[in-house]
Amino acid sequence: TKLVPLTSTKHNDLNGLKNAMDQETKMVYLCNPNNPTGTVSPTSDLENFIKKVASTSIVLLDEAYTDYYDTPSMSKMIDAYPNLVIAKTFSKTFGMAGARVGYVLAHPNTIKALNEFQAWANAGPSAVSMQGALAAIKDKEFVTYCKQENIKAKDILYQGFDALGIKHIKSFTSFVYFDTATYKKDIPALLLANQIIGARSFEENSSWLRISIGTVAEMEKVVAVLKLGA
C-alpha cells in the first residue's frame with residue numbers, strides 16, 4: 001500500500017497518485033469531496049485522471065459527500081471505464097448512518113464480478129434498512145432541508161473562526177477542516193469539557209483538526225465556547 005500526501009492546499013494530489021503507480025498497482029482509492037479536508041478536485045482534472053488511470057487499474061472513487069453541494073459525480077464515465085467503481089452511501093444527506101446502507105455504481109460487468117464476492121445471495125443490509133433507503137430516495141424535501149441546514153450551521157462556524165483568526169478551508173461536506181496553530185488552548189479538550197464531541201485529528205504531528213457540523217444551535221455553542229476560551 002502506498003499513501004500519497006495531499007497537496008499544500010489539502011486537495012487530492014492527482015498527479016502524485018498517478019506518479020506513485022507502478023506495474024504492481026491494482027487499485028487507486030480517492031475520496032471526492034475529500035475526507036477529512038472537505039476539498040473538491042476540479043471536475044476536468046478528475047475526469048482526465050480517470051481516463052489515464054482506469055485503463056490499467058481499478059479506480060475506487062468515494063463519493064459519500066457529493067450531495068451536500070451537488071458536486072458532479074463521475075458516474076457518467078462508468079460505461080466507458082469498467083475499472084471505475086464509485087461508492088455511495090445513505091449515511092450522509094439521507095441521515096441513515098445507523099442503517100449501514102450503501103451502494104456502488106459501476107459497469108454492468110464490474111457489478112457482476114463484484115457480486116461474486118458476496119458470501120451468499122443478497123448478502124448485505126437488512127430488509128428494514130433497504131426499505132428505509134428506498135423511502136429515503138423519494139424524500140427529496142428532507143435531503144434539501146438537510147443541505148440547507150448544513151450550510152447555515154457551517155456559515156456560523158466560518159464566522160466564528162474568522163472572528164478568532166482561525167484558518168479554515170471552505171468545505172463541500174458536513175464537516176470543516178481547520179488549523180489550531182493560532183489558538184492557545186487544546187480545542188478538543190476545551191470542547192469536551194463543555195460536552196461537545198466532534199473535533200478530532202486525522203494527520204500525525206499536525207495542528208489541523210476536523211469538526212463535524214451539527215445543528216445551528218450546536219454550532220453556535222461551539223463558537224461561544226471557543227470565544228470564551230480564547
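This dialogue walks through some features of a predicted model.

Me: How many disulfides does the structure hold?
Reply: A disulfide is a pair of cysteine sulfur atoms within 2.5 Å, and the structure holds 0 of them. The sulfur of Cys31 lies 19 Å from the closest cysteine sulfur, which belongs to Cys146, and this is too far for a bond.

Me: Is Cys31 buried or exposed?
Reply: Buried means under 20% relative accessible area, exposed over 50%, and partly exposed in between, using a 1.4 Å probe and protein chains only. With 7% relative accessibility, Cys31 counts as buried.

Me: In what order do the strands of the sheet stand?
Reply: Strands (E, at least two residues) and helices (H or I, at least four) are DSSP runs numbered from the N terminus, and two strands pair if DSSP finds at least two bridges between them. Here 4 strands form an open sheet in the order E1-E2-E3-E4, with mixed pairing. Strand E1 (27–31) and strand E4 (102–105) stand at the edges with a single partner strand each, so one side of each has no neighbour in the sheet. Strand E2 (residues 58–62) and strand E3 (residues 84–89) run parallel and are joined by 4 bridges, and Leu60 stands opposite Val85 in E3.

Me: Which backbone values deserve a careful look?
Reply: Most residues other than glycine have a negative phi, and most peptide bonds are trans. In this model, the peptide bond from Asn32 to Pro33 is cis, with omega near 0°, and Pro33 is found in the loop between E1 and helix H2 (43–53). Lys10, in the segment before helix H1 (14–20), has a positive phi near 70°. Asp70, in the loop between E2 and E3, has a positive phi near 55°.

Me: How do Lys10 and Asp70 compare in accessibility?
Reply: Lys10 counts as buried at 12% relative accessibility, whereas Asp70 is exposed, with a relative accessible area of 57%.

Definitions and conventions
Residues numbered from 1 in each chain as written. Predicted model: local features only at pLDDT ≥ 70, side-chain atom pairs only at ≥ 80, totals over all residues. Heavy atoms only, no water.
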